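Me: Could you take a close look at one residue for me and then walk me outward to the rest of the chain? I like to have the contacts spelled out.

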Amino acid sequence: MALQTRPKLLRVGVIQDGRIVEEHHLLHDSVTIGEDARNTIVLPPSQERPPRFKVLESRGQQFHLIIDEHMQGRVHLGSSDVDFDALRTQGLATRRADDTFDLPLQESARGKVDLPEGTLFFHFIPAPPEGAKPALPPELKASPWRTVDRLFFGILLTMLALYVLSVAVIAAQPAPVEAEVELDQLEDRFVRAIIPPQPAKVEEPRKEPPSAEKKPDEAKAAPKKPASADPSPAPANSAERRQQVEAKVAGTGLLKLLGGRGPGGGDAIADVLGNSGSGANVADALKGATSGGALALGSGGGNGIANPQGDTGGKVAAIGATQTSGAGTVDTGRKQAVKAPQVVDAVPEVDSSEVNSKALARFIQGRKVTIQRCYENGLKRDPSLKGKVMVRFNLTPEGRASDVEVEESTLRSEEVISCIKTTIRGWTFPFKPSSEVSVSYPFIFSPGE
């Protein structure tokens with residue numbers, strides 16, 4: 001019985017700077033290289049090779065080396081090494097329809113392919129026994145110390161040491177002893193929280209003894225009344241009390257003036273209002289005055305009171321005569337008819353097809369009120385102001401008016417023209433032409449009908 005030998009594995013790797021950076025062990029899988037992520041060995045993009053190139057193809061239980069016209073390298077066949085140029089020129093490799101060359105490989109073959117990024121090597125190795133796990137070479141095995149970030153690890157150890165040191169220093173210090181605080185040193189709010197205030201007791205009012213005698217303290221507190229110079233005896237009845245009140249009132253205020261005597265022997269009120277030499281009694285002068293009458297003041301030299309009924313025909317003016325005689329006529333000037341100023345609508349002249357003249361006319365007519373205000377201000381100075389103003393401006397791509405000028409004007413008011421130009425500069429038009437567009441618009445003003 002013939003012994004069955006296990007097929008050998010194809011070992012493929014990439015060498016860069018003298019080190020193996022990538023390695024694969026394949027049994028029946030093809031080896032592809034290029035920038036495509038699905039390749040066996042992913043390489044940076046290159047214009048000389050496609051994104052996915054099958055360099056070692058597994059076909060019919062045998063591997064084939066596939067090279068193109070530009071690849072360089074060597075392959076060991078039997079007992080000699082042959083470079084890729086000899087494979088292409090001597091016919092050792094079969095030329096295929098896609099201008100690539102195919103070379104079947106025996107299990108004793110080995111070789112390398114020179115790449116711009118490094119060197120691709122391949123050779124066959126015995127398959128490991130069944131159940132054995134493939135192990136990486138010692139130089140490729142990772143270790144915790146080789147993979148750790150040494151700078152980060154150093155910073156971490158330093159911080160840990162400082163933390164342990166600070167904890168040890170704090171633990172070595174004695175705990176501070178808090179001094180006891182007396183109750184009188186606490187703030188009122190803390191005292192109230194510790195000792196709640198007691199409710200206030202309501203004291204009952206003391207009952208005074210029924211004795212009518214005042215205590216010595218009350219006698220001292222009572223205000224002393226000034227002693228009257230002429231004490232009068234207490235009235236015996238209501239009639240006497242009334243006479244005493246009338247006597248006191250007669251000597252005070254206006255009543256004292258009315259009842260007193262002047263220096264000439266007459267009444268005091270007569271001396272004040274009229275001639276001091278008049279002996280007319282005030283009471284007699286006021287006699288006969290009714291509620292509907294008026295008090296008239298006389299001129300110097302006559303009686304103090306004349307015609308108590310009041311009239312409008314004497315030399316004296318009665319108080320009752322001072323009254324309004326109704327509303328009079330006020331001259332408000334000559335009435336004039338108000339004329340409504342007008343700004344006649346017009347059609348603008350546009351030098352470009354990008355701006356619709358009718359749409360532009362509607363936009364300007366919608367803002368005619370602002371132009372009319374300028375004209376109304378001019379009418380205040382000159383009511384007969386009228387005329388035509390031809391305004392030319394450039395419509396910018398931003399929708400604003402630039403270079404606003406007046407081409408023609410029959411309106412004799414520089415203030416109105418300046419106001420119109422300033423108003424147009426402040427407009428934002430809904431048109432955005434590709435370049436500046438020249439626009440002319442006539443404004444016709446008239447005072448109205």
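Reply: Happy to! A contact here means heavy atoms within 4.5 Å. Please keep in mind that this is a predicted model.

Let's begin with Ser 440. Leaving aside residues up to four places away in sequence, Ser 440 touches Pro 348, Glu 349, Met 390, Val 391, Arg 392 and Glu 407. One of these, Arg 392, also makes a polar contact with Ser 440, side chain to side chain, at 2.8 Å. Ser 440 itself sits in strand β17, which covers residues 437-446. Is Ser 440 buried or exposed? Its relative accessibility is 1%, and buried means under 20%, so Ser 440 counts as buried.

Now for the setting. The protein chain has twelve helices and 17 strands. Of its 449 residues, 26% are buried, and Ser 440 belongs to that buried group. The accessible surface of the chain comes to about 33,100 Å², with 54% of it belonging to carbon and sulfur atoms. Taking contacts between residues at least 6 apart in sequence, 54% join residues at least 24 apart.

Next, one of the sheets. Six strands form an open sheet in the order β4-β3-β5-β6-β10-β9, and the pairing is mixed. The edges are held by β4 (41-42) and β9 (94-95); each has a single partner strand, so one side of each is left without a neighbour in the sheet. For β4, look at strand β3 (residues 31-34): the two pair in the parallel sense over two bridges. Within that pairing, Gly 34 has Val 42 of β4 as its bridge partner. As background, strands of a sheet pair through backbone hydrogen bonds, either parallel or antiparallel.

Charged pairs give another way to follow the chain. Side chains of opposite charge can pair when their charged atoms come close. How many salt bridges does the structure hold? There are twelve.

Take Arg 11 and Glu 23, whose closest N and O atoms are 2.4 Å apart in their salt bridge. Arg 11 lies in strand β1 (residues 9-16) and Glu 23 in strand β2 (residues 19-26), so this pair ties together parts that are twelve residues apart in sequence. Glu 23 is partly exposed, at a relative accessible area of 22%.

Arg 49 and Glu 117 form another salt bridge, with 2.8 Å between the closest N and O atoms. This pair links distant parts of the chain, 68 residues apart: Arg 49 is in the loop between β4 and β5 (53-58), while Glu 117 is in the loop between β11 (110-115) and β12 (118-125). Arg 49 counts as buried, because its relative accessibility is 11%.

A further salt bridge joins Glu 57 and Arg 96, where the closest N and O atoms are 3.5 Å apart. Glu 57 lies in strand β5 and Arg 96 in the loop between β9 and β10 (101-104), so the pair ties together parts that are 39 residues apart in sequence. Through shared partners, salt bridges join Glu 57, Arg 59, Arg 96, Asp 98 and Asp 102 into one network.

Methods:
Residues are numbered from 1 along each chain as its sequence is written. This is a predicted model: local features need pLDDT of at least 70, side-chain atom pairs count only at pLDDT 80 or more; totals for chains, interfaces and linings use all residues. Side-chain values use heavy atoms; hydrogens and water are left out. Helices (H or I, at least four residues) and strands (E, at least two) are DSSP runs, numbered from the N terminus. Buried means under 20% relative accessible area, exposed over 50%, partly exposed in between (1.4 Å probe, protein chains only). A polar contact is a pair of N or O atoms within 3.5 Å; within protein, one must be able to donate a hydrogen and the other to accept it, and residues adjacent in sequence count only if both atoms are side-chain atoms. Accessible areas come from the Shrake-Rupley method with a 1.4 Å probe; for residues, only the protein chains shown count as cover. Two strands pair if DSSP finds at least two bridges between them. A salt bridge is a side-chain nitrogen of Lys or Arg within 4 Å of a carboxyl oxygen of Asp or Glu.
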